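User: I am new to this structure and would like to learn how to read it. Please take me through the helix packing and the core.

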Amino acid sequence: MARRKAPIPDASETKADRGSATRARIIAVATALFTAHGYDGTSIEAVLQQTGLSRGALYHHFSSKDDLFVAVLEAIEAEIADATVKGSRGSTSPAAALRAGCGVFLELAQTPKVKQILLRDAPAVIGWQKWRELDARYGFGLLRAALDRAAAAGAVDKELVEPFAHMLLASLLEVALLSARPDAKPATMRKARAALNELIDRLVGT
């Protein structure tokens with residue numbers, strides 16, 4: 001019986017896979033460096049040393065330190081969005097889903113990575129407006145979807161879904177920024193989180 005030949009790998013797919021793996025490795029290394037040293041304290045040279053890549057190889061994926069920072073920021077935003085969705089699954093009401101999702105975000109806002117990169121460095125590095133636009137692609141979308149479900153259940157006027165989503169996002173980010181301050185106290189955060197939960201309950205009911 002003739003032995004079956006193994007399929008020949010697609011060279012383009014292999015190259016693409018390698019490129020994706022290299023990009024992911026650069027982002028992982030840069031995330032660790034930005035977390036430990038901040039944007040200003042992290043150099044491209046440090047990224048090159050940690051990854052073992054040449055400057056040309058790195059610039060093939062990222063045109064500048066700012067470009068790399070935005071990629072790291074987007075990866076964190078996507079990670080938070082995924083965790084938020086998972087944390088709100090199984091909720092028994094729109095209000096419970098919003099409380100659970102916002103709670104997950106606030107827990108992650110306490111981690112060094114999110115504190116340093118998302119809350120401290122991002123507004124200064126990419127500018128407040130671009131930072132808010134980037135966050136809105138993730139956080140705003142989730143809040144809008146949750147409020148759409150609340151409107152479908154009759155808990156919110158559907159005409160007010162979008163402004164309410166903006167208001168909740170602003171409130172959530174302000175509480176998160178409060179937690180990122182060096183002088184933030186646990187009692188202050190508990191009160192802020194309780195106030196956010198009450199706002200959600202008053203907005204969409206329990």
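Analyst: A crossing is left-handed if the near helix is turned anticlockwise from the far one by less than a right angle, and right-handed if clockwise. Helices (H or I, at least four residues) are DSSP runs, numbered from the N terminus. This is a predicted model, in which local features need pLDDT of at least 70 and side-chain atom pairs count only at pLDDT 80 or more, while totals for chains, interfaces and linings use all residues. Residues are numbered from 1 along each chain as its sequence is written, and side-chain values use heavy atoms, with hydrogens and water left out.

User: At what angle do α4 and α5 cross, and how far apart are their axes?

Analyst: Two packed helices are described by the angle between their axes and the distance between the axes. Axes are lines fitted to C-alpha atoms, for helices over the stretch in contact, and angles run from 0 to 180 degrees between N-to-C directions. Here the axes of α4 and α5 cross at roughly 140° and come within 8 Å. That makes α4 oblique to α5. Angles under 35 degrees count as roughly parallel, over 145 as roughly antiparallel, 65 to 115 as roughly perpendicular and the rest as oblique.

User: Which residues of α4 and α5 meet?

Analyst: Contact means heavy atoms within 4.5 Å. From α4 come Ile80, Ala83, Thr84, Gly87 and Ser88, which meet Ala97, Ala100, Gly101, Val104, Phe105 and Leu108 of α5. By class, this contact of α4 with α5 has seven nonpolar, four polar and no charged residues. Ala, Val, Leu, Ile, Met, Phe, Trp, Tyr, Cys and Pro count as nonpolar, Asp, Glu, Lys and Arg as charged, and the others, Gly among them, as polar.

User: Is Phe105 buried or exposed?

Analyst: Buried means under 20% relative accessible area, exposed over 50%, partly exposed in between (1.4 Å probe, protein chains only). Phe105, found in helix α5, is buried, with a relative accessible area of 7%. Leaving out residues up to four places away in sequence, Phe105 touches Ile80, Thr84, Leu118, Leu172, Leu173 and Ala176.

User: Where does Ala176 lie, and what does Ala176 touch?

Analyst: Ala176 lies in helix α8 and is buried, with a relative accessible area of 0%. Not counting residues up to four places away in sequence, Ala176 touches Phe105, Leu106, Ala109 and Leu119.

User: How do α6 and α8 pack?

Analyst: The angle between α6 and α8 is about 120°, with their axes 10 Å apart. The two helices, α6 and α8, are therefore oblique to each other. Their crossing, α6 with α8, is left-handed. Lys115, Leu119 and Arg120 in α6 meet Ala176, Leu177, Ser179 and Ala180 in α8. The residues of this contact of α6 with α8 divide into four nonpolar, one polar and two charged.

User: At what angle do α7 and α8 pack?

Analyst: Helix α7 (residues 128–152) and helix α8 (residues 161–180) pack at an angle of about 125°, and their axes are 8 Å apart. α7 and α8 are therefore oblique to each other, and their crossing is right-handed. Residues making the contact include Trp128, Trp131, Phe140 and Leu147 of α7 and Val161, Phe164, Ala165 and Leu169 of α8. The contact of α7 with α8 has 15 nonpolar, two polar and five charged residues.

User: What does Phe140 touch?

Analyst: Phe140 is in helix α7 and is buried, with a relative accessible area of 14%. Not counting residues up to four places away in sequence, Phe140 touches Asp135, Glu162, Ala165, His166 and Leu169.

User: Which residues of the largest nonpolar core touch the most other members?

Analyst: A nonpolar core is a set of buried Ala, Val, Leu, Ile, Met, Phe, Trp, Tyr and Cys residues joined through side-chain atoms within 4.5 Å. In the largest one, of 59 residues, Leu73, Leu119, Trp131, Leu147 and Val204 touch the most other members. Helices that each supply at least two residues of this core include α1 (11–37), α4 (65–88) and α9 (186–204). α8 gives the most to this core, with 11 residues. As for Leu147, its contacts beyond four places in sequence include Leu98, Val156, Phe164 and Val204.
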